[in-house]
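Thanks, everyone. I'll keep this short. Please have the model up on your screens as we go.

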Amino acid sequence: MTAVEQNPLLEGLRLRRRPDPCILVIFGASGDLTAKKLIPALYSLAYRHLLPEKFGIIGAARTEESHDEFRERMKQAVKDHARDPFDDEVWSALATGMRYTTLDFADDKGEDELRDTLNELDRDLGTQGNRVYYFAVPPSAIGTLVGEIAQRRGAEGWVRLIIEKPFGHDLSSARELTAEIQQHFAENEVFRIDHYLGKETVQNMLALRFANGIFEPIWNRQFIDHVQITVAESIGIEGRAGYYEQAGAIRDIFQNHLLQLVALTAMEPPIDFTADSVRNEKVKVLKALHTPGPKHVVRGQYGPGFVEGEEVRGYREEEGVAPGSMTETFVAAKLYVDNWRWADTPFYVRMGKRLARRETTIAIQFKRAPHPPFDDGGEGLRPNVLLVHVQPNEGVSLAIGAKVPGQGMTIRTVHMDFLYGGAFREGLPDAYERLILDAMLGDATLFTRSDEIEEQWALVDAIIAFWQRDRPSFPNYPAGTWGPAASDDLLHRDGRSWRRH
Ligand code: NDP
Ligand code: BG6
């Protein structure tokens with residue numbers, strides 16, 4: 001048996017149809033995402049024989065680069081960032097079908113060259129006119145490009161567009177972008193990517209809820225006191241000031257990754273696991289989502305501090321950031337889902353850069369036991385918490401009260417843990433591996449639909465409107481902490497606190 005056959009996770013993928021021959025065009029090929037995520041993910045797919053046998057990659061960006069320079073840079077990116085060991089044979093096979101085109105979205109000169117390279121690769125590799133266009137570029141650049149692609153669309157083969165988040169800059173620009181895309185492409189050709197949906201642990205939220213009978217009866221306002229979702233990063237903006245100064249934390253992560261985690265936690269069971277059924281249920285949650293008012297949303301920006309023992313500069317000192325920048329790097333909010341299942345159950349969410357450590361968790365805190373009949377009045381007894389560790393240390397743990405061995409009846413909280421690392425032998429695939437493959441196969445279940453995105457923007461636009469009214473004093477949290485004091489107050493006011501770290 002080969003390593004691929006022995007592995008249950010890979011076995012699952014292998015049993016799926018292999019995608020049709022195709023060419024993947026990456027717009028934004030000189031950027032951070034291409035080097036750190038996309039090419040390493042493609043390499044890992046190649047390493048597992050999951051890519052089509054006839055397959056090409058074209059990188060496109062403004063930066064001038066020859067085919068060879070691009071291949072060399074991507075080779076290094078694979079060595080630095082891929083989860084699999086570097087294998088010359090796998091790399092050579094992938095690099096043979098790799099090209100680079102210099103292209104500025106502002107003029108259409110480069111697009112003709114791109115079309116010629118595509119046709120040439122079709123002839124050399126036998127890719128039959130099938131195209132996946134990956135837009136790893138700022139949202140403002142996408143509309144024009146889509147029109148150029150449509151104009152040059154050939155008669156043969158299928159086309160799929162993978163569009164990175166954030167989709168638009170606000171609700172009206174997202175609607176405009178959707179309208180522009182819909183002029184040329186059908187909804188089933190458009191894949192709006194939110195890579196959190198490709199994470200194994202995020203999908204496991206669905207498995208946990210809908211493959212186990214024990215959770216559904218208690219997954220509601222009667223048994224759950226509140227939900228806490230944290231998306232904490234210890235890294236800063238990693239040289240992406242140009243992008244981040246425009247986006248800020250609310251558009252970079254809150255609008256997409258974080259609200260998708262809320263939707264998956266709160267959604268009703270879908271009737272099946274098809275793209276429309278899953279997305280129909282998520283959009284209902286997003287429609288019902290609101291924040292009770294400005295004082296329930298907190299924004300922050302990091303100042304200098306220490307992260308994991310290392311001294312780091314403040315946001316305003318980062319290269320490319322304006323010295324008086326008012327861009328937020330932290331957001332916390334109290335949200336409600338106004339429906340029968342969740343009415344009056346707060347969802348406290350927070351996300352930020354340069355926090356104390358990297359941690360993405362979804363914590364479901366249940367109501368206290370009504371009457372602990374123990375001598376100490378159940379002092380050591382804390383409410384049960386179901387904790388989904390999205391990353392790192394992927395797994396699920398349930399906090400329960402247990403008796404401390406010995407005399408008397410002293411209770412302490414202990415954890416029942418399921419850790420991916422312990423239960424499955426293989427490391428988890430990167431989200432981009434799963435999602436790129438799904439798009440090639442035309443499966444949109446783990447991609448967001450335009451109505452979901454619009455509901456996400458509606459909430460974010462309302463929050464940004466609150467923010468026009470005042471000017472906080474930034475920076476308001478030192479790097480390496482858990483955010484501004486106001487984030488703690490948000491919960492203290494309700495007699496609750498963020499989970500202890
Ligand atoms: P970068 O700023 O590193 O890269 C942007 C890319 O877009 C560059 O290759 C740039 O090329 C290209 N570009 C910008 N304007 C033009 C233009 N007018 N013509 C041609 N090319 C252009 O951004 P990232 O790679 O970090 O992010 C790209 C997208 O991916 C963003 O939407 C982001 O939200 C998303 N994303 C990023 C993640 C990450 O970890 N980096 C993770 C998840 C999503 P050049 O300068 O050579 O023209
Ligand atoms: C991206 C954001 O969408 O997600 C980045 O643009 C962020 O700012 C990244 O660092 C986090 O992804 P992950 O998978 O490392 O949690």
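Start at Gln391. An N or O atom in the side chain of Gln391 lies 2.7 Å from an oxygen atom of ligand 2. Please bear in mind that this is a predicted model.

Taken alone, ligand 2 exposes 390 Å², and the protein buries 85% of that. Lys165 puts a side-chain N or O atom 2.8 Å from an oxygen atom of ligand 2. The side chain of His195 has an N or O atom 2.8 Å from a ligand 2 oxygen.

Who else surrounds ligand 2? The surrounding residues include Tyr196, Lys199, Glu233, Ile235 and Arg240. Asp252, His257, Lys353 and Arg358 are among them as well. By class, the shell around ligand 2 holds 2 nonpolar, 3 polar and 7 charged residues.

Stay with Gln391 for a moment. The peptide bond from Gln391 to Pro392 is cis, and omega is near -15 degrees. Pro392 sits in the loop between strand S16, residues 385–391, and strand S17, residues 395–403.

There is another cis bond to look at. Phe474 and Pro475 are joined by a cis peptide bond, with omega about -5 degrees. Pro475 is in the loop between H14 and strand S19, residues 477–478.

Now back to Lys165. Find it in the loop between strand S5, residues 159–163, and helix H8, residues 171–184. Is Lys165 buried or exposed? Lys165 counts as buried, because its relative accessible area is 16% and the cut-off for buried is under 20%. Protein chains alone count as cover in that figure.

What does Lys165 touch? Beyond its neighbours within four places in sequence, Lys165 contacts Ile193, Tyr243, Asp252, Asn256 and His257. Two of these contacts have distances for you. The side chain of Lys165 makes a polar contact with the side chain of Tyr243 at 3.4 Å. The Lys165 side chain also reaches the backbone oxygen of Asp252, at 3.0 Å.

Lys165 takes us to the other ligand. Around ligand 1 there are 22 residues, and Ser30, Asp32, Arg62, Thr63 and Lys165 come nearest. An N or O atom in the Ser30 side chain is 2.6 Å from an oxygen atom of ligand 1. Phe105 uses its backbone, with a polar atom 3.1 Å from a nitrogen atom of ligand 1.

How much of ligand 1 does the protein bury? Ligand 1 exposes 890 Å² taken alone, and the protein buries 82% of that. The shell around ligand 1 has 11 nonpolar, 5 polar and 6 charged residues.

Next, Gly352. Gly352 lies in strand S14, residues 347–352. It is buried, at a relative accessible area of 0%. Gly352 and Glu233 are 119 residues apart in sequence, but 6.1 Å apart in space, C-alpha to C-alpha. Glu233 is one of the residues around ligand 2. Leaving out residues up to four places away in sequence, Gly352 touches Val231, Ala232, Glu233, Thr329 and Phe330.

Met98 is in strand S3, residues 98–102, and is buried at 0% relative accessibility. Met98 and Gly198 are 100 residues apart in sequence and 25 Å apart in space, C-alpha to C-alpha. With residues up to four places away left out, Met98 touches Ile39, Ile57, Phe70, Arg71, Met74 and Trp91.

H11 runs over residues 275–288 and has 14 residues. Its first and last C-alphas are 20 Å apart, close to the 20 Å expected. H11 is mostly covered, with 10 of its 14 residues buried. Val278, Arg279, Glu281 and Lys282 are among the buried ones. The cover includes helix H10, strand S8, strand S13 and helix H14.

Last, two loop residues. His49 has phi near 60 degrees, a positive value in a residue other than glycine. His49 sits in the loop between helix H3 and strand S2, and is exposed at 56% relative accessibility. Asp344 has a positive phi too, near 70 degrees. Asp344 lies in the loop between S13 and S14, and counts as exposed at 61%.

That's my tour. Over to you.

Methods. Residues are numbered from 1 along each chain as its sequence is written. Chains are lettered from A and ligands numbered from 1 in the order in which they are written. This is a predicted model: local features need pLDDT of at least 70, side-chain atom pairs count only at pLDDT 80 or more; totals for chains, interfaces and linings use all residues. Side-chain values use heavy atoms; hydrogens and water are left out. A residue is near a molecule or strand if one of its heavy atoms lies within 4 Å of it. A polar contact is a pair of N or O atoms within 3.5 Å; within protein, one must be able to donate a hydrogen and the other to accept it, and residues adjacent in sequence count only if both atoms are side-chain atoms. Accessible areas come from the Shrake-Rupley method with a 1.4 Å probe; for residues, only the protein chains shown count as cover. Ala, Val, Leu, Ile, Met, Phe, Trp, Tyr, Cys and Pro count as nonpolar, Asp, Glu, Lys and Arg as charged, and the others, Gly among them, as polar. Helices (H or I, at least four residues) and strands (E, at least two) are DSSP runs, numbered from the N terminus. The expected span of a helix is 1.5 Å times one less than its number of residues. Buried means under 20% relative accessible area, exposed over 50%, partly exposed in between (1.4 Å probe, protein chains only). Contact means heavy atoms within 4.5 Å.
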